[in-house]
Amino acid sequence: MKQESIFPENFLWGGAIAACQAEGAYGQYGRGMAVSDISFYDSQIDRQDLAKHRNVTTQKIEEAMADSGTTRYPKRHGIDFYHRYKEDIALCAEMGFKVFRFSMAWSRIFPTGEELTPNQEGLDFYDAVLTEIEKYGMEPLVTISHFEMPLALVNQYKGWTDRKVIDLFVRFADCLFTNFGQRVTYWISFNEMNAGRFSTFKSTGVVADKTDNYIQDCYQAVHHQFIAAALVTKRLHEINPAGKMGCMIARFTTYAATCKPEDVLQMMHDDQYDNFFYTDVMIRGTYPGYMNRFFKDNGVSIIWEEGDKALLKEYTADYLAFSYYVSNVSSAQPNELDVTDANLKKSLKNPYLESSAWGWQIDPKGLRYTLNNLYDRYQVPLFIVENGIGAEDTVEADGSVHDPYRIDYLQRHLEQMKEALVDGVDLIGYTTWSSIDIVSSGTSEMSKRYGFIYVDQDDDGNGTLNRIRKDSFYWYQQVIKSNGADL
Ligand code: BGP
């Protein structure tokens, strides 16, 4: 008997990619250098020597890559989405996607971030991508900034640390809304806005030379992003009142290492400082009181301008988007737990959870906890915009790709999403990370594959770039067809 689906009738099933990990066409068709070009290279060299990154050029990157003895530079190609977008979008439509998440690269529209007129080739490309998405009846979900700030703004202003960048970002977003605002309902201002704190070259684009005021720079940069997010929300609603602006964090769901009160307090602080601070400001519209203590303890003094408080209060996000990969463990004192990677953050290893090949701990029940936790706190629609497992997939002799581990991972997370829906959570969509194999943002690897579609390219950028449907492609096709009834 057909199982009744628990997912809402208009649930937005889909998958995600990001320009800097998929497009390729670096330095072509008018695209300027972006921080993402550095962050991948940055993963190959000593991250501490930030001065090296100032005024970096493609040639300097090539030299540094050669010096470091690695040719791992596949991001130059991404997966050539720039030329293959029609094929890729058609494959996603074949799976039955209702929504297609992607980003529009700032440096493809304003190469240095300061041009007075946009790069028409960039606008034409994203116009063509949207036309393809519309052809299959899918909703576009557009991330305005997915770790892709023009590098010139980092060199000129130290990224978001300079308030001037707010106006430049608003001009970029306004250009997108003016050109595409009637065709796109769902937007996200910043991808994983809480990531910048853990990686200099991610969303903050802060080039703080590890001087004393580094943490001041970071939080002043985040403040400027908050203001920018409010202003683009305001602008979107002026251009298209039906438009929905989402705020987005990497949800570092946090558990206490023990039931010792000190550990529980540490968990509370980690959750507050690494997660809730960002969504409290962008959904509740004010800085939370617990940050006063954090700023005082860390010597941070945010510089506010006239009108900032009113902006944050009036232009809050319409929905809460988040990525979920792992859960983290907090402890207030040294303990015998090992340390493990956990998507941008280090975490203590949870002895009750298994790990992926890259050490990311797998916690499907943590997703149910996260959904309840976020919905109870904010009472706004939730959208999971990244969830998936990075794994080494193999192409068999007959050309098939068997990825039961990916089906298992996604199946177990979808089960918990169903539980959360029964718990009363308002969950409106799910875009897996990723629709198709693309370059890893953290390690610049192709071998860390997330997609339903295999792309023939190795870590050094070699391969035919041919696309192959994995077993999970057909599994997800049935999940969507049954609206989540057949997992
Ligand atoms: C998130 C980013 C994505 C993606 C994902 C997987 O933080 O928003 O862009 O990269 O992490 O991480 P990785 O590609 O490093 O495995």
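The largest cavity in this predicted model takes the largest share of its lining, 4 residues, from helix α9. Welcome to a chain with 15 helices and 14 strands, where helices (H or I, at least four residues) and strands (E, at least two) are DSSP runs numbered from the N terminus. Residues are numbered from 1 along each chain as its sequence is written. Local features need pLDDT of at least 70 and side-chain atom pairs 80 or more, while totals for chains, interfaces and linings use all residues, and side-chain values use heavy atoms, leaving out hydrogens and water.

**The chain as a whole**
- Of the 487 residues, 62% count as buried, meaning under 20% relative accessible area, with exposed set at over 50% and partly exposed in between (1.4 Å probe, protein chains only).
- Among contacts (heavy atoms within 4.5 Å) with a separation of 6 or more, 75% are between residues 24 or more positions apart.

- Strand β7 (residues 319-323) runs parallel to strand β11 (residues 382-386), and 4 bridges join them.
- One of the bridged residues is S323, whose partner in β11 is E386.

**A residue on α14**
- E419 lies in α14, which spans residues 404-422.
- E419 is partly exposed because its relative accessible area is 35%.
- R293 is 126 residues from E419 in sequence, and the two are 36 Å apart in space, C-alpha to C-alpha.

- Strand β6 (residues 253-256) is joined to β8 by 4 bridges, and the two run parallel.
- A256 has S330 as its bridge partner in β8.
- In a regular strand the side chains alternate between the two faces of the sheet.
- Strand β8 (residues 327-330) is covered on both faces, with S327 and V329 buried on one side and N328 and S330 buried on the other.

**Cavities and a pocket**
- On a 1 Å grid over the protein atoms alone, a cavity is a set of points where a 1.4 Å probe fits but cannot get out, a pocket is an open set with protein on both sides within 12 Å along at least five of seven lines, and lining residues have an atom within 4 Å of a point.
- Grid points are joined across faces, edges and corners, and a volume is the space filled by probe spheres set on the points.
- The 14 residues lining the largest cavity include A229, A230, M282, Y315 and A317, which lie nearest its centre.
- Its lining has 10 nonpolar, 4 polar and no charged residues, where Ala, Val, Leu, Ile, Met, Phe, Trp, Tyr, Cys and Pro count as nonpolar, Asp, Glu, Lys and Arg as charged, and the others, Gly among them, as polar.
- The second largest pocket has a volume of about 180 Å³, and A256, A257, T258, L337 and P351 are the closest to its centre of the 15 residues that line it.

Technical notes:
Pairing = 2+ DSSP bridges.
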